[in-house]
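This report goes through one structure part by part. It begins with a term that the later sections rely on.

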Number of protein chains: 2
Amino acid sequence: MNPTIKDVAKHANVSIATVSRIVNGLPGYSEETKKKVQQSIEALGYQPNAIARGLINKRTQTIGVLFPDVSGMLSSEVLEGVENAAHDGGFSVIVCNTTSSGKRTVKYLRLLQEKRVDGIIFASEDVKEEYYKIFEEMKVPVVLVSTASSKYDLPFVRVNDFDGAFQATEYLIRKGHKVIGMIGGSDEDPIAGVPRMQGFQKALESNGLSFTNNHITKNEGYRFQNGKESLPLLLKKLPDMTALFAASDEMAIGAMSAAHQLGIRVPEELSIIGYDNLKIAEMCYPPLTTVSQPLKDMGQTSGEMLVSLIKGEQQEAKSRYMPFTIVERQSVSEFRDK
Amino acid sequence: MNPTIKDVAKHANVSIATVSRIVNGLPGYSEETKKKVQQSIEALGYQPNAIARGLINKRTQTIGVLFPDVSGMLSSEVLEGVENAAHDGGFSVIVCNTTSSGKRTVKYLRLLQEKRVDGIIFASEDVKEEYYKIFEEMKVPVVLVSTASSKYDLPFVRVNDFDGAFQATEYLIRKGHKVIGMIGGSDEDPIAGVPRMQGFQKALESNGLSFTNNHITKNEGYRFQNGKESLPLLLKKLPDMTALFAASDEMAIGAMSAAHQLGIRVPEELSIIGYDNLKIAEMCYPPLTTVSQPLKDMGQTSGEMLVSLIKGEQQEAKSRYMPFTIVERQSVSEFRDK
DNA sequence: GCGTTTTACGTAAACGTTTACGTAAATCCC
DNA sequence: GGGATTTACGTAAACGTTTACGTAAAACGC
C-alpha cells in the first residue's frame, strides 16, 4: 500500500512534522534535513494522502459541476472550460448528470455536501428553492453558468439571450426579409425560452414588422427533432415566410433537414439562423449562420470565478454577460422577391 | 458549519459509536435509541463527512475518468454512460481532460493517486509504460474503454474495429460498388487507425477487389476538417471512386461537405459510410449511414465493470467487445453505372 | 434460581495528515 | 560574555469518522 508520512519520517529519522513542513514548503528545517527527507520520499514512493489533508484543512480541492445533460453538445463544451480552469487552479471536478430531475439534483447536492466539495457550478437550469436551501447549508460558493436566477443572488456567467435573439432577427431583417418566423423553446423556460422569444418579437416590432402568434412555434426541448417537426407547423402558420430564427442550433439544423425533405432550398428559398454555434454548425449543409455563445469560454470564466471565490481572492463575484457574435456561414441569403 | 457526529451524540445523549451504528445500519441499538438519534440528526441537519469516512474505510467512493478530449462527441457519450453506472453504484466521477498530453496525463494520475480514488477508467488512448507504472502503484482497478492495450493485461470495453471496418466495406460492396476508397486515421494509431484500415483492406481483398495505397488517405486526426481535406486527395488517387468508407463520422461528414462543394451528389454519385454513429450522423445532409459504436453503452458497461471490481464482486474482469451494427440512413445508394 | 447467551451500549484507538507551541541550540548584537 | 532573537526541530492534539472489544443488563433455557 501507499507509504505514509510516518514511514518517511522513520526512514529519514525526523519527525512527521518535519516531513510535513518540507512537503508543504513551510519554513523550519535545514537544507541537510530537506535533502534527507526528499531522498526518503523518493525511495519510498510517498504520495501524500489528500483525504487526510482535506480533513485537517477542511478543504478538498474539489468542485462539483451539475449538468442537466452531460453528453449534450452545450454541456460538453462548458465542461471542458470548467475543467481547464479548475485544473489550473488546483481543483478536481466531480461531474453530475442530473437529467433535469429535481430529485436526482437534490441527491447529487447532498452527495457533494457529504464529500465536502469546495464549490459548485450549476449549469443550464433554473435554481429551485430546495437547491438553494442546500447551497446555503453547504456554505460554499456557487456559480451559475448558462443560466441565472431571478430569485436568488447567485453570480452567473451567461450570454444575454434577449440581445442575441434581437440581433439574430435584425440580421435577417437587414438581409431584406420581412416575413420571419421563429422556432422557439418553452415560454415556461425563463432562461433560454422566454428571453429569446422576447428578443425576436422586439426586433420585429422595432423594425415596424408585424408580430403575431403565428410567427412562433414553441417546443418543450431544443433538439434536432423539435426543429424538424416545427418547420412544417410554422410554414402552415406563415406560408410566406422567407427566413427563420431558431432558438438553438440543433433546432435550426432540424429545420434544415425538414426543408430538404420538403424540397425547400436553404438559403435560396428559406434563410435559417441558429443560436449556440455548436461544433455541428459548421458541419451541417449548408453550414449554419448562428449566434455564437462562447460555451467553452463561459465554462472557463465560471470555473475561474469559482476558484477565485474559493481561494478568497474576492468576496463577491461579479456576474458576467459574455459577448456573442453572429457567425456568418451559408444558411442565410439576401431576400429576393419570388 | 456542518454539525459533526459528536454534536448528534451529545444532543441525543448517546455515544458517537451508537450514532455511527445507526447511520450505517449496523446492529447494536434499541428502537428507542434509534428514534432519538434520528430526531437529533434531523434537528441538527447532520450530514456525514465522507472525507473522514474515506480516511477510515480507505475507500472514497470516487473514480477517476481520463479522456483525451472531454468535449469531443465520442467522449461526452461515453462519459454519460460511465457517470450513470458510477452513480448507480454509489460512486462519484472525477473527470480529467488529458488533451492527449503524456505529461498532463501523468499529472492527473498522480492527482488521482493522492485523492485515493477507488478506480480508474482510461479512455481512447494507448497506455504508456509510465501510466501503467502509476496504475500499479495505485493498486486500484483500471478499465479501458474505447481502447485496449496489447502490452498490458488490462480489461477493456470496445468495439472490434477490424470487424466494423470489414463489414462497412462489405456493405458498400454488397451495394455493388467496386471502386471504394477510405479516409483513414494514422497508421501509428494501434487503436482506431490500423485495425480500421486493415478491415477495409481485408474486405476488398476477400471480395476479389483490388487494394493499393491509392485506396486510402491517412490523417493524424479524425475530425471534420480532416475528412474535408481528404476527399479531393482521394479523388485524385482514385478518380473512378463511387463509394468511400471514412474511419469516423466526423470525417465522413467532412467528406460530404467537400462533395457538396465539388458538386458531387451524395449518395447518387458518391456513397459515404461513416464510423461511430454520433448524434450528428442523423443531423447531417444527407443523414449518414454508419457503423454504430454504442458509445453510451460502452461507458455504462465499463463503469459497471469497474464498480464490480472495486466492490470485489469479481476478481477479474472479462474484457468485452461490444456489438456494433450498420445504421442505414441515406448516404449510401446502389451502384449505378454512369 | 443460576449459568449461558444475547443485546445494547460506551471507551479507546485508529486512519494520515497539519500545526501550535515548547525547547534546545545557534546566531546576533551590545 | 551575556541577553535577546532566530532557527530547527519534536510533541501533542486536532480533524470526523469507524469499529474492536469490554461490560452491564436483559433474556433464555434447564
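## A term to begin with

A polar contact is a pair of N or O atoms within 3.5 Å. One case involves A:Asn49: a backbone N or O atom of this residue lies 2.8 Å from a phosphate oxygen of DNA strand C. The model described here is a predicted one.

## DNA strand C

DNA strand C is surrounded by 29 residues, and the closest are A:Ile5, A:Ser20, B:Ser30, B:Thr33 and B:Lys58. A polar side-chain atom of A:Ser20 lies 2.6 Å from one phosphate oxygen. For A:Arg53, an N or O atom in the side chain is 3.2 Å from a phosphate oxygen of DNA strand C.

Which elements supply at least two residues of the surface near DNA strand C? They are helix H1 (5-12), H2 and H4 of chain A, together with H2 and H4 of chain B. H4(A) provides the largest share, four residues. By class, this surface divides into 13 nonpolar, twelve polar and four charged residues.

## DNA strand D

Around DNA strand D there are 28 residues, the closest being A:Ser15, A:Thr33, A:Lys58, B:Ile5 and B:Ser20. From chain A, a polar side-chain atom of A:Thr18 lies 2.9 Å from a phosphate oxygen of DNA strand D. From chain B, polar side-chain atoms of B:Asn24 and of B:Tyr46 each lie 3.0 Å from a phosphate oxygen of DNA strand D.

Two or more residues of the surface near DNA strand D come from each of these elements: helix H2 (16-23) and H4 of chain A, and helix H1 (5-12), helix H2 (16-23) and helix H4 (50-57) of chain B. Which element gives the most to this surface? H4(B) does, with four residues. The surface near DNA strand D has 13 nonpolar, eleven polar and four charged residues.

## Where chain A meets chain B

The contact between the protein chains takes 53 residues from chain A and 53 residues from chain B. Chain A and chain B bury about 5300 Å² between them, with 56% of it on carbon and sulfur atoms. On the chain A side, A:Ile51, A:His87 and A:Met283 lose the most area to chain B, and together they account for 13% of what that side buries.

How many salt bridges does the rule find across this interface? It finds four. A salt bridge joins A:Arg104 to B:Glu83, with the closest N and O atoms 3.8 Å apart. There are also 28 residue pairs in polar contact between chain A and chain B. Elements of chain A that each supply at least two residues of the side touching chain B include helix H5 (73-88), strand S2 (92-97) and helix H6 (102-114). H5(A) gives the most, with nine residues. The side of chain A that touches chain B has 20 nonpolar, 16 polar and 17 charged residues.

Strands also pair across the two chains. S2(A) and strand S2 (residues 92-97) of chain B pair in the antiparallel sense over three bridges. A:Val95 stands opposite B:Val93 in S2(B).

## The sheets within each chain

In chain A, six strands form an open sheet with mixed pairing, in the order S7-S6-S8-S9-S10-S12. Strand S7 (216-217) and strand S12 (325-327) of chain A each have a single partner strand, so one side of each is left without a neighbour in the sheet. Within this chain, strand S6 (residues 180-183) and strand S8 (residues 243-246) run parallel and are joined by four bridges. The bridge partner of A:Ile183 in S8(A) is A:Ala246.

Chain B has an open sheet of six strands in the order S7-S6-S8-S9-S10-S12, and the pairing is mixed. Its edge strands are strand S7 (216-217) and strand S12 (325-327), each of which pairs on one side only. Strand S9 (residues 271-276) of chain B runs parallel to strand S10 (residues 289-292) of chain B, and four bridges join them. B:Gly274 has B:Thr290 as its bridge partner in S10(B).

Key: Residues are numbered from 1 along each chain as its sequence is written. Chains are lettered from A and ligands numbered from 1 in the order in which they are written. This is a predicted model: local features need pLDDT of at least 70, side-chain atom pairs count only at pLDDT 80 or more; totals for chains, interfaces and linings use all residues. Side-chain values use heavy atoms; hydrogens and water are left out. Contact means heavy atoms within 4.5 Å. Buried area is the accessible area (1.4 Å probe) that two parts lose on being put together, summed over both. A salt bridge is a side-chain nitrogen of Lys or Arg within 4 Å of a carboxyl oxygen of Asp or Glu. A polar contact is a pair of N or O atoms within 3.5 Å; within protein, one must be able to donate a hydrogen and the other to accept it, and residues adjacent in sequence count only if both atoms are side-chain atoms. Ala, Val, Leu, Ile, Met, Phe, Trp, Tyr, Cys and Pro count as nonpolar, Asp, Glu, Lys and Arg as charged, and the others, Gly among them, as polar. Two strands pair if DSSP finds at least two bridges between them. A residue is near a molecule or strand if one of its heavy atoms lies within 4 Å of it.
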